[in-house]
Amino acid sequence: QILYLKPPWTLANLLKCYKKHWMAVFGYVVPRSLLSTIECLYKHLCTGKTIDSSTAGILLQESKKLLHAFSSRSDYNGVLPQAYAEVNKLYQTLTEVRGALVRSDSEQDLSEDIMVLSENAVCEKMEAMTPNLPDCEEKNLHPNFHVAQENRHQEIWSVLEGVWNTMNLYSIEIFQKLDPNAVTVTTKSSFEEAFLGLQKLLAAVNGIREGISR
């Protein structure tokens, strides 16, 4: 009855309502610090700015953060978990695409470096300076070694983030099903599926922990 903008809402209208009623309403439901997330989403999604892939990744993470915060209040008749899963799927796809591009660039750089090394080897041989060749190779390979290490770090981070997001989704589903005040009625098979999924996830996390320890 006292909304800043009446429905139906566009995304811009919805974010404006969040900002307008944040202190009086939404700040009592979720942490007030999340206002910065609302402002970030509005700034990049509702002002006609061009979004690059890195900014898109940030916006998807901020969206996940906001949805996760509201999940502590309700599942909103199942809409919120579905929205979270879709946003998370988008984020994982974006991460995979960016990782593939980085790997492709790295492979191209490596092939170019191999060609340069071959040319250098011929020149060094012609000039009878073969003792200096190992140093030359080491200098050319050194940057690519760091690139490969960085790619490996990104892959590890992506796996751990996927584990964390999956654990969050299953936990949200289980707590909602255990909540005696929940209005939705769910089947036993769905609960069992979530429980079995958590058991598999626990084994996977233990495997990762043992690997890190080694």
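Residues are numbered from 1 along each chain as its sequence is written, and side-chain values use heavy atoms, with hydrogens and water left out. In this predicted model, local features need pLDDT of at least 70 and side-chain atom pairs count only at pLDDT 80 or more, while totals for chains, interfaces and linings use all residues.

Q: How many helices and strands does the secondary structure of the protein come to?
A: Helices (H or I, at least four residues) and strands (E, at least two) are DSSP runs, numbered from the N terminus. Along the sequence the pattern reads α-α-α-α-α-α. The count is 6 helices and 0 strands.

Q: What percentage of the 214 residues in the protein is buried?
A: A residue is buried under 20% relative accessible area, exposed over 50% and partly exposed in between (1.4 Å probe, protein chains only). Of the 214 residues in the protein, the buried share is 24%.

Q: Which helices are included in what covers the buried residues of α2?
A: Helix α2 spans residues 35-45, and its buried residues are T37, I38, C40, L41 and Y42. The cover over these residues includes α1 (11-20) and α3 (53-71).

Q: How does the contact of α1 with α2 divide by class?
A: Contact means heavy atoms within 4.5 Å. The contact is made by L11, A12, L15, K16, Y18 and K19 of α1 with L35, I38, E39, L41, Y42 and L45 of α2. Ala, Val, Leu, Ile, Met, Phe, Trp, Tyr, Cys and Pro count as nonpolar, Asp, Glu, Lys and Arg as charged, and the others, Gly among them, as polar. By class, the residues are 9 nonpolar, no polar and 3 charged.

Q: How do the residues of the contact of α2 with α3 divide?
A: Helix α2 contributes T37, I38, C40, L41, H44 and L45, and α3 contributes T55, L59, E62, S63, K65 and L66. These residues divide into 6 nonpolar, 4 polar and 2 charged.

Q: With which side chain does the side chain of T37 make a polar contact?
A: T37, in helix α2, counts as buried because its relative accessibility is 1%. Not counting residues up to four places away in sequence, T37 touches E62, K65 and L66. A polar contact is a pair of N or O atoms within 3.5 Å; within protein, one must be able to donate a hydrogen and the other to accept it, and residues adjacent in sequence count only if both atoms are side-chain atoms. At 2.6 Å, the partner is the side chain of E62.

Q: How far apart in space are H68 and N168, C-alpha to C-alpha?
A: H68 is in helix α3 and is partly exposed, with a relative accessible area of 35%. Not counting residues up to four places away in sequence, H68 touches Y84, N168 and I172. H68 and N168 are 100 residues apart in sequence, and their C-alpha separation in space is 8.6 Å.
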